[in-house]
Amino acid sequence: MRPAFDWERCIGCGACVRVCRGGALSYRDENGRRTITFEPRLCDGDLLCVEACPVNAIRGVPNHESGESSATFELARCENCGKLTEFTLKEVEWGRKMGHFDLFLCSTCRRLKSAQNIGEGLE
């Protein structure tokens with residue numbers, strides 16, 4: 001079995017990259033965009049990427065042969081300060097749809113908001 005990617009369905013979260021032990025999947029964030037690349041020659045066929053994908057954009061296909069493929073995603077900006085974040089726009093849209101958050105914040109603004117909420121709770 002080999003992974004087959006539905007790049008249209010992919011949200012660019014990188015979950016597949018984090019579990020890929022052979023280095024067949026990689027990503028690069030550059031100039032406000034994330035590119036995820038699959039290099040089949042490095043794939044060991046364990047299909048951990050299939051299990052890790054939260055949107056089922058990867059499936060195992062018997063005897064699937066493919067060349068190198070990739071997809072590029074625009075990175076999201078913090079809705080408070082406007083700074084680029086480590087998340088893609090498609091990832092943010094998916095998170096909203098799943099009800100994970102109302103306001104999308106970068107890690108700095110999340111920390112500040114958490115500290116503010118803790119301070120308000122002490123009053």
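I searched the whole structure for ring pairs and found 4 aromatic pairs. I counted rings of Phe, Tyr and Trp (its six-membered ring) as paired if their centres lie within 6.5 Å, with planes under 30 degrees apart taken as stacked, over 60 as edge-to-face and the rest as tilted.

I note that this is a predicted model, in which local features need pLDDT of at least 70 and side-chain atom pairs count only at pLDDT 80 or more, while totals for chains, interfaces and linings use all residues. Residues are numbered from 1 along each chain as its sequence is written, and side-chain values use heavy atoms, with hydrogens and water left out.

**Entry 1. Ring pairs**

Phe5 belongs to strand 1 (residues 2-5) and Phe38 to strand 3 (residues 33-38), so the pair ties together parts that are 33 residues apart in sequence. Helices (H or I, at least four residues) and strands (E, at least two) are DSSP runs, numbered from the N terminus. Phe5 is buried at a relative accessible area of 18%, and Phe38 is buried at 2%. For these classes I used under 20% relative accessible area for buried, over 50% for exposed and partly exposed in between, with a 1.4 Å probe and protein chains only.

I then took Phe87 and Phe104, whose ring centres are 5.6 Å apart with planes at 85 degrees, so this pair is edge-to-face. The pair links distant parts of the chain, 17 residues apart: Phe87 is in strand 6, and Phe104 is in the loop between helix 3 (89-97) and helix 4 (107-122). Phe87 is partly exposed at 23% relative accessibility, whereas Phe104 is buried at 6%.

I also noted that ring pairs join Phe5, Trp7 and Phe38 into a cluster. Separately, Arg34 lies over the face of Tyr27, 4.6 Å from the ring centre; the criterion is NZ of Lys or CZ of Arg within 6 Å of the ring centre and within 35 degrees of the ring normal.

I traced an open sheet of 4 strands in the order 2-3-5-6, with antiparallel pairing. Its edge strands are strand 2 (25-30) and strand 6, each of which pairs on one side only. From one strand to the next, the twist averages 30 degrees. Two strands pair if DSSP finds at least two bridges between them.

Strand 5 (residues 69-77) and strand 6 run antiparallel and are joined by 2 bridges. Helix 3 lies across strand 3, strand 5 and strand 6, at about 70 degrees to strand 6. Axes are lines fitted to C-alpha atoms, for helices over the stretch in contact, and angles run from 0 to 180 degrees between N-to-C directions.

**Entry 2. Two threonines of strand 6**

Which residue in strand 6 is the bridge partner of Leu75? I found Thr88. Thr88 lies in strand 6 (residues 84-88) and is buried at 0% relative accessibility. Its side chain reaches the backbone oxygen of Ile11 at 2.4 Å, and a polar atom of that Thr88 side chain lies 3.0 Å from the backbone nitrogen of Glu91. A polar contact is a pair of N or O atoms within 3.5 Å; within protein, one must be able to donate a hydrogen and the other to accept it, and residues adjacent in sequence count only if both atoms are side-chain atoms. Leaving out residues up to four places away in sequence, I list among the contacts of Thr88 (heavy atoms within 4.5 Å) Ile11, Arg34, Phe73 and Leu75.

Thr85 also lies in strand 6 and is buried, with a relative accessible area of 7%. A polar atom of the Thr85 side chain is 3.2 Å from the backbone nitrogen of Phe87. Beyond four places in sequence, Thr85 touches residues including Leu75, Phe104 and Cys106.

**Entry 3. Positive phi**

I looked up Asn31, in the loop between strand 2 and strand 3. Asn31 is exposed at 75%, and its phi is near 55 degrees, a positive value in a residue other than glycine.

Asn56 has a positive phi of about 55 degrees although it is not a glycine. I placed Asn56 in the loop between helix 2 (48-52) and strand 4 (58-61), exposed at 56% relative accessible area. Asn56 and Glu8 are 48 residues apart in sequence and 11 Å apart in space, C-alpha to C-alpha.
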